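Please look at the sequence and the 3D structure before reading on. The text then goes through some parts of the chain.

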Amino acid sequence: MIQSLPGFKDILPAEIRKWQFVENICRDIFESFGYQEIRFPVLEKAQLFSRSVGNDTDIVQKEMYTFKDKGDQSVTLRPEGTACVVRALIQHNLIYKGMHKFYYVAPMFRYERPQRGRLREFHHLGVEAFGDPSPYVDAEIMEINMEILKKLNVDVRVEINNIGCKKCRPLYIKVLKEYLMEKKGLLCEDCQRRLNTNPLRVLDCKKESCRKVTASAPSILDYVCNECKNHFNEVQRLLTKMKVDFVVNDKIVRGLDYYTSFVFEIISDRLGAQGTVSAGGRYNDLVEELGGSPTPACGFAAGEERIIELFDYKEDDRFVDAVVVPVGKDAMDFSFFLTENLRKEYIRSEFISSGSLKSALRKANRWKAKWVLIIGEDEMKEDMVSLRDLERSVQKKVKVKDVISVIRRGLDE
Ligand code: ATP
Ligand code: MG
């Protein structure tokens, strides 16, 4: 038997309502904040991500599905959406056309070690806002997150940080590197390498030994420039006004290189080691770095699988409302076309084309249908249908022309 690949999951009909529910809530919220849906390709040129996400990030170093296509072009299954949106923004000149806020609900691909909360194909619910440098956009991004989590009744913590910009970050990186160099022997192998290529990443390492070292490392908050500091202070002032509980965690650097100033993570304690539900921040330089004109930007992506794991949803596994059962050959065509009429009224219906009445009833029960419509010789003659309510165990004959309205209204006692 051929099975699916590790880290790739089927989403089966029994769980699909939950997915649709989460996605509908998010779409409604995104659109109410003025975001427009964008869909971009699953496959992009590999350099889009190495140039944006950053060459020495885990994503680019270890996690990308990159391969040569038949035309010898290096291509990548998208590991995230921000770079794709920025590419589309520049390619189609979207800001000039009056579009500046986008959202997506899309699968992403990362070659990670599959475990709880960590898949190789997973889904991002993300938004990106372009063109406005003001802290109100950062606040708006946070508000969207809070709205979603409130609607889904999910409890979380919010951690924020200021990671500076290309003017102030280099000085901090220098100081951090000097500090870490002295303790190099205590760091894991990955971090020893990161020390030379991208020391900030060491702050992000989840290993206990590295965490001990970074606990007393110099704080980026002491090194950011006035512009970054003011922006961050303003965001904090707005979050306080919005009654968002947050803590400043100067170790948050995010797994991508393109952020500037405000970054955040929203974390749940109910998810084990993979507790980050949503993450994002400001990235004022990325549009320019990818070849567009300088455009400030801010966005986030939430992990749909992790949100779904967190929120309670009473499953509704009914997928058929009515089952139409002809009894005898003569009733076949009539029943088939009656089923068609129910479907035209969006009553989810199944036509039983063979077998006994008993087996039809068994099927109806297994499908958790509410209604069974039985059409035999007598019913045909009288232009009636025997309508049975399986939930209430009542059955009555009703006129064919009244069937739909009775199904809508329910059978009288
Ligand atoms: P992590 O620290 O968990 O690896 P990340 O920094 O790589 O997260 P982002 O790239 O910012 O995550 O993606 C945003 C969100 O997408 C994460 O907070 C998480 O909820 C979700 N996510 C990221 N990678 C995966 C994955 N492999 N499987 C499932 N969800 C994921
Ligand atoms: Mg990751």
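The model is predicted. Helix α1 covers residues 13-32 and helix α5 covers residues 135-151. Their axes come within 10 Å of each other and cross at roughly 145°. The crossing of α1 and α5 is right-handed. On the α1 side, the contact is made by I25, C26, I29 and F30. On the α5 side, I144, E147, I148 and K151 take part. Sorted by class, the contact of α1 with α5 has 6 nonpolar residues and 2 charged ones, with no polar residue.

The next stop is helix α8, made up of residues 208-215. Three of its residues, C210, V213 and T214, are buried. These residues lie on the same side of α8, because they cover an arc of only 90° around the axis. The face turned away from the buried side carries the exposed residues E208, K212 and A215. What lies over the buried residues of α8? The cover includes helix α6, residues 169-182, and helix α7, residues 189-197.

How many salt bridges does a search of the whole structure find? The search finds 30. One of them joins the side chains of R194 and D58, with an N to O distance of 3.0 Å. R194 lies in helix α7, while D58 lies in helix α3, residues 58-63, so the pair ties together parts that are 136 residues apart in sequence. The two partners can be described by their accessibility. R194 has a relative accessible area of 6% and is therefore buried, since buried means under 20%. D58, with a relative accessible area of 26%, is partly exposed. Both residues belong to a network of salt bridges that links D58, K62, D190, R193 and R194.

Two further salt bridges can be looked at in the same way. The side chains of E37 and R39 meet at 2.9 Å, N to O, in a salt bridge. Here E37 counts as partly exposed, at 29% relative accessibility. Are K68 and D72 buried or exposed? K68 counts as exposed at 53% relative accessibility, and D72 counts as exposed at 56%.

At 7% relative accessibility, L338 counts as buried. Which residues are in contact with L338, leaving aside its neighbours within four places in sequence? They are V324, L373, I375, V385 and V400. L338 and V400 are 62 residues apart in sequence, and their C-alpha atoms are 8.6 Å apart in space.

Note on methods. Residues numbered from 1 in each chain as written. Chains lettered and ligands numbered in written order. Predicted model: local features only at pLDDT ≥ 70, side-chain atom pairs only at ≥ 80, totals over all residues. Heavy atoms only, no water. Axes fitted to C-alpha atoms, helices over the stretch in contact; angles between N-to-C directions. Helix = DSSP H or I, 4+ residues; strand = E, 2+ residues; numbered from the N terminus. Left-handed = near helix turned anticlockwise from the far one by under 90°. Contact = heavy atoms within 4.5 Å. Nonpolar A, V, L, I, M, F, W, Y, C, P; charged D, E, K, R; others polar. Buried < 20%, exposed > 50% of the residue type's maximum accessible area, 1.4 Å probe, protein only. Arc of directions from axis to C-beta. Salt bridge = Lys/Arg side-chain N within 4 Å of Asp/Glu carboxyl O.
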